[in-house]
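This briefing concerns one protein model and is arranged by topic. Please consult the sequence and structure shown below while reading.

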Amino acid sequence: MAAPAEEKFTRQTILSLTRWSDKLLSFRLSRPESWRFVPGQFARLGLPLENGGMVWRAYSMCSANWDEYLEFFSIVVPDGLFTSRLARLQLGDEVLLDNKANGFFTVDRLPDGEDLWLLATGTGLAPYLSILQQPEVWQRFAHIVLVHCVREVSELAYREEIAALRQHPLWAEWGERLQYLPVVTRAAEPGMLQQRIPALLASGELAAAAGLPLTVERSRFMICGNPAMVEDTHRQLMKMGFRLSRLSAPGHLVLENGW
């Protein structure tokens with residue numbers, strides 16, 4: 001006999017809300033004591049519908065795997081079945097949490113290399129905020145480059161938190177290994193790159209901005225964001241000699257669609 005649906009999830013409480021803009025928000029949920037995840041994985045979150053059904057969406061964790069809460073970063077789609085409801089929630093409201101984390105977008109799928117490139121658009125930044133709270137990542141790679149591409153500068157969320165990562169006591173001795181490269185595509189911003197990530201890879205501008213060569217011997221990539229960026233970046237890196245990392249054949253890059 002199948003287990004009752006109620007046993008497949010728990011009800012968790014919203015502990016905090018941060019509204020970065022009218023389209024972007026972060027929220028923290030209470031975390032069951034036994035709930036475990038590997039940084040880069042995602043949770044399935046659910047909200048009730050008016051007709052008595054449920055709507056579920058996948059969200060990568062932003063929080064460290066040792067935090068007592070679970071943090072998520074979301075875009076708000078005004079007529080979205082899930083996010084329009086999410087945007088109306090307040091502190092103390094409940095969100096359903098699937099009992100198990102999922103996904104394989106994790107650093108351990110990449111073989112050793114000198115440089116780790118974390119490429120994101122929009123809320124695709126989320127898993128990297130969790131991944132960068134693993135001390136072993138800072139020890140393993142000599143350089144870590146976090147690239148966050150958005151349309152408007154107001155969408156560059158978590159900038160202060162990213163800067164603070166370099167001083168975290170668990171890995172502060174390697175803090176200088178992290179570079180943060182924001183990219184804004186719709187308007188020129190002083191000191192920021194402006195083109196889409198695939199174009200910046202093709203032109204060499206991204207490598208030049210980081211001061212690092214892109215080679216199969218030293219470069220490892222994680223790609224997360226809108227499906228068009230993920231596909232185009234994957235294709236561009238294949239043109240440059242990089243290949244997808246599979247469980248049976250380790251390569252140079254792993255990818256995940258942000259939605």
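T106 lies in the loop that connects β6 (94-98) with β7 (115-121). The model is predicted, and the points below follow this residue, the annotated span that covers residues 7-108, and the open sheet of five strands.

**The annotated span**
- According to an unreviewed UniProt entry, residues 7-108 carry the annotation "domain: FAD-binding FR-type".

**T106 and its surroundings**
- T106 has a relative accessible area of 7%, and it is therefore classed as buried, the cut-off being under 20%.
- A polar contact of 2.6 Å links the side chain of T106 to the side chain of D108.
- When neighbours within four places in sequence are set aside, T106 is in contact with V38, P39, Q41 and M222.
- One of these contacts, M222, belongs to β10 and stands opposite L118.

**The open sheet**
- The five strands are arranged in the order β9-β8-β7-β10-β11, and their pairing is parallel.
- β9 (178-184) and β11 (253-257) are the edge strands; each has a single partner strand, so one side of each has no neighbour in the sheet.
- From one strand to the next, the twist averages 10°.
- β7 and β10 (residues 219-225) run parallel and are joined by six bridges.
- In general, strands of a sheet pair through backbone hydrogen bonds, in either a parallel or an antiparallel manner.

**The helix across the sheet**
- Helix α7, comprising residues 227-239, lies across β7, β10 and β11.
- Relative to β10, helix α7 runs at about 160°.

**V147 in strand β8**
- V147 is located in β8, which spans residues 143-150.
- The relative accessible area of V147 is 0%, and this residue is therefore buried, given the cut-off of under 20%.
- Residues up to four places away in sequence not being counted, V147 touches W117, L118, L119, A120, L181, V183, I197 and L206.
- Among these, L118 is the residue that stands opposite M222 in β10.
- V147 and V38 are 109 residues apart along the chain, and their C-alpha atoms are separated by 21 Å.
- V38 is also among the residues in contact with T106.

Notes. Residues are numbered from 1 along each chain as its sequence is written. This is a predicted model: local features need pLDDT of at least 70, side-chain atom pairs count only at pLDDT 80 or more; totals for chains, interfaces and linings use all residues. Side-chain values use heavy atoms; hydrogens and water are left out. UniProt positions are given in the numbering used here, feature names are shortened, and annotations may be inferred rather than shown by experiment. Helices (H or I, at least four residues) and strands (E, at least two) are DSSP runs, numbered from the N terminus. Buried means under 20% relative accessible area, exposed over 50%, partly exposed in between (1.4 Å probe, protein chains only). A polar contact is a pair of N or O atoms within 3.5 Å; within protein, one must be able to donate a hydrogen and the other to accept it, and residues adjacent in sequence count only if both atoms are side-chain atoms. Contact means heavy atoms within 4.5 Å. Two strands pair if DSSP finds at least two bridges between them. Axes are lines fitted to C-alpha atoms, for helices over the stretch in contact, and angles run from 0 to 180 degrees between N-to-C directions.
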